[in-house]
Amino acid sequence: MSFIQCRKCSIKLESPPTARTIYCSNCHTYNMVIKTASQSSLGHNRVSRSISCSSSLMINKEISNSGCSQQRSNKRALLVGVSYKGLRYRLKGTVNDVIKMEKFLTEQRFMFPKESIRILTEDQQTAEDIPTKKNIENALKWLVEGCRSGDSLVFYFSGHGIRQPDFVGDEKDGYDETICPVDFRKEGMILDNDINSIIVKPLPAGVKLHAIIDACHSGTILDLHYIYNRKLKKWEEDIPPSGRPPKGTSGGLAICFSACEDNQRAIDTTVFSDKGKHIFSRKDMNGAMTTLFIRAVKTNTDITYAEILDFMNNNISQINTKRGCLRRPSIRRLLNTGLLQEPQLSSSKDFDVNQEFKL
């Protein structure tokens with residue numbers, strides 16, 4: 001067993017051989033670790049960096065505990081997939097979504113280091129990596145902690161989304177949008193206000209955050225100032241009815257692709273799979289928005305933000321035309337007759353959507 005030192009409170013922590021992150025229960029901080037070449041040769045199947053130190057190193061420290069210098073990665077991602085196992089509204093495709101998204105980010109085009117990606121699903125082996133409300137909120141804090149100019153951050157969520165009444169007057173439609181952790185029936189949902197406060201407001205100049213949210217009612221889930229109207233091809237301000245100043249960053253840029261408008265539902269489906277006939281097969285199920293988002297970017301190396309949005313909406317529209325519309329209410333459910341969702345793009349600034357998409 002090897003050890004690392006908590007980057008915040010300096011307490012000594014055990015580092016299991018396959019661990020990517022170590023949670024410090026003393027100060028509630030996540031510490032990312034990588035293994036050196038000498039450690040990986042002991043039978044571990046993870047690819048590690050070529051570092052001349054002989055002990056585990058924290059990837060977000062420039063100077064390791066053993067004194068060897070290390071380059072801090074400027075790319076970091078949090079991927080959350082909630083299946084709600086054992087419940088009647090269980091989702092079949094969320095873990096598949098996370099697996100797809102991790103592969104998408106780590107491939108040659110974007111090259112996110114695996115050690116810089118935190119994954120929360122119900123299939124994880126450690127309690128700190130289960131997508132509870134507390135763990136998701138702590139992981140969101142980790143995502144933006146210590147970020148600086150030049151950093152690229154990604155927050156991905158696949159799971160249920162719900163609306164609830166807005167009591168502070170900062171929502172045009174009178175509802176707060178939320179995401180549902182696995183324990184939301186006991187601990188409650190995570191509100192758009194909270195997500196904004198944790199990962200949008202702190203962003204310093206030069207930092208770019210991309211959020212990709214595959215959930216119901218997710219159009220304004222980050223409470224960003226601008227929403228893109230693809231029909232009019234222009235940004236529109238989302239101004240709170242209370243007259244409060246719009247929420248912003250601390251100089252950085254936050255961009256969000258959402259599965260649908262605030263009043264719409266998103267779905268798990270095999271419609272876009274090569275094995276679409278296996279409609280009840282969990283291994284073939286994915287979020288429609290996740291599948292189309294990845295497909296859009298992979299099929300066009302120079303694709304723009306506007307083109308991604310058009311690609312997703314056009315493909316969903318084609319399915320609706322061929323199969324008709326769904327009339328029966330549901331919460332982000334599997335679907336075999338049509339897709340009632342229109343992916344959205346929002347941002348903290350009205351940037352040029354015809355620029356190339358980059359992470």
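An open sheet of eight strands, in the order β7-β6-β8-β12-β15-β18-β13-β14, shows mixed pairing (strands are DSSP runs of E of at least two residues, helices runs of H or I of at least four, numbered from the N terminus; two strands pair if DSSP finds at least two bridges between them). The model is predicted, so that local features need pLDDT of at least 70 and side-chain atom pairs count only at pLDDT 80 or more, while totals for chains, interfaces and linings use all residues. Residues are numbered from 1 along each chain as its sequence is written, and side-chain values use heavy atoms, with hydrogens and water left out.

The edge strands, β7 and β14 (234-237), each pair on one side only. Strands β15 and β18 (residues 344-347) run antiparallel and are joined by four bridges; Ile255 stands opposite Ser347 in β18.

Helix α3 (residues 133-144) packs on the sheet and touches β6, β7, β8 and β12 (208-214) (contact means heavy atoms within 4.5 Å). The direction of α3 makes about 165 degrees with that of β6 (axes are lines fitted to C-alpha atoms, for helices over the stretch in contact, and angles run from 0 to 180 degrees between N-to-C directions). Helix α6 lies across β8, β12 and β15, at about 135 degrees to β12.

In the largest nonpolar core, of 40 residues, Leu105, Phe293 and Phe357 touch the most other members (a core is a set of buried Ala, Val, Leu, Ile, Met, Phe, Trp, Tyr and Cys residues joined through side-chain atoms within 4.5 Å; buried means under 20% relative accessible area, with a 1.4 Å probe and protein chains only). A second, separate core of 37 residues includes Trp142 and Phe157.

Conventions: Buried means under 20% relative accessible area, exposed over 50%, partly exposed in between (1.4 Å probe, protein chains only).
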